[in-house]
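This briefing covers the nonpolar cores and the ligand site. Please look over the sequence and structure before reading on.

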Amino acid sequence: MISTIMNATPTMLDHQNTNKRLQDPIWAEVRAQFPILDQQVNGRQLVYLDNAATTQKPKRVIDAISTYYQEYNANIHRGLHSLAERATAAYEDTREAVRAYINAKEAAEVIFTRGTTEGINLVAQAWGRANLNPGDEVLISGMEHHSNIVPWQMICQERGAKLKVIAVTDLGELDMASFYDQITEWTKMVAVVHVSNALGTINPVAEIVQAAKKVGAYTLVDGAQSTAHLEIDVQALDVDFFAFSSHKLYGPTGIGVLYGKRTVLDAMPPYQGGGEMIKEVSFEGTTYNELPYKFEAGTPNIADTVALLEAINFVNELGKPAMHAYEQSLLTYGTEQLNTIDGLRIIGQAANKISVLSFAIDGIHPQDLGILLDTYGIAVRTGHHCTQPLMKRLGLPGTTRASLAIYNTTSEVDLLVTGLRKAVKMLR
Ligand code: PMP
């Protein structure tokens, strides 16, 4: 039933249709799967617009965690008893579901991590230490999250390599002339964000990967903000590494994925040493396990991995193209409505963008705005969004960011706009 309505995409940009759809009882069913949304905050109905920070979780994800602990909690891979076998099967089922979700060639290329940050650190440390030498270059962009800047700074410093940065335009797009200027035969890694968390810009990652391959560079795409919204096909993209976090994909916190091409992962040394990642240990030396276990030292986060399967099923059942179309209609509506507020400027006006409404209002500090909106029950994020170099480039201390997910509605956008009008009156 849900997929029927979600597949109705044709006139999504028409507000009348959007409003009609949002009132549909079947639509209400999608939203009703998120128990947290049905609550009052500061005496008002919660309006949750901080989805780029983390999405809320459908009940099936919450239930999966509790079922795991109530019915089959056991350590995986090494146990022969029934609970261990059930837990191992569930853990590996998620790996297979992730493989299909991003169209990896094989499940062994899916490594479970704590999240995007750990995935990028794994690559910077394990791949970087083995592959970067003095004079080599790592190319990132001016709109990276700190988690795709600092790990590269650290390893470049250690290895004597140089970190270079693709410029960002005033509209908040990558300056592709700057990219082509800076990619050279010395470039060993190009690591870019797929979708900017601060601006919503969708970057041309396929073009970037192709150009990187021409100079023999490796590639990493930070998929933290794209994986819940866009179709991901790592084989078509031909990228070496792709990192994302479950918690921005309607799944639990504390679990994420690093995809890596088998050839590249096989050639890399392990990231951490310990149990699970070994074949045989003696005091004379150790042989390492097969992929993906070589990169999964220690007891992993089994409960949250098992629950991630439910998040993936949730998205798959709704269908990504329909979700994307719906979210785009909300974005268009939100952009139009925000533009009616006096002195408000949308930050990030890329031709290709999703789900993020970042803005600045003349004479008002984002933090004051955020605090006031919270008193109306509206949750937005304010500040630099872990992209300080980008804020510096744009000449802003930070922005106010409303970020959208599949359960948001035009009525919530209206409440945001009403709240902003009130706030502007009070704060100016
Ligand atoms: N990259 C981007 C673009 C992000 O938005 C985030 C989270 N805000 C991260 C990386 C880091 O993700 P995590 O904190 O889940 O590791």
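Which residues touch the most other members of the largest nonpolar core? They are Tyr250, Leu338 and Leu420, in a core of 102 residues. The model is predicted: local features need pLDDT of at least 70, side-chain atom pairs count only at pLDDT 80 or more, and totals for chains, interfaces and linings use all residues. Residues are numbered from 1 along each chain as its sequence is written, and side-chain values use heavy atoms, leaving out hydrogens and water.

**Nonpolar cores**

- A nonpolar core is a set of buried Ala, Val, Leu, Ile, Met, Phe, Trp, Tyr and Cys residues joined through side-chain atoms within 4.5 Å, where buried means under 20% relative accessible area (1.4 Å probe, protein chains only).
- Leu420 is in contact (heavy atoms within 4.5 Å) with Leu338, Ile341, Leu344, Phe359, Ile361, Leu369 and Leu373, leaving aside its neighbours within four places in sequence.
- A second, separate core has 27 residues, including Ala161, Leu258, Met268 and Leu291.

**Ligand site**

- There are 13 residues around the ligand, each with a heavy atom within 4 Å of it.
- Thr117, Asp222, Ser245, His247 and Lys248 come nearest to the ligand.
- A polar side-chain atom of Thr117 is 2.6 Å from a ligand oxygen atom.
- A polar side-chain atom of His145 is 3.3 Å from a nitrogen atom of the ligand.
- The ligand alone exposes 390 Å², and the protein buries 84% of that (areas by the Shrake-Rupley method, 1.4 Å probe).

How values were computed:
Buried < 20%, exposed > 50% of the residue type's maximum accessible area, 1.4 Å probe, protein only. Polar contact = N/O pair within 3.5 Å; in protein donor to acceptor, adjacent residues only side chain to side chain.
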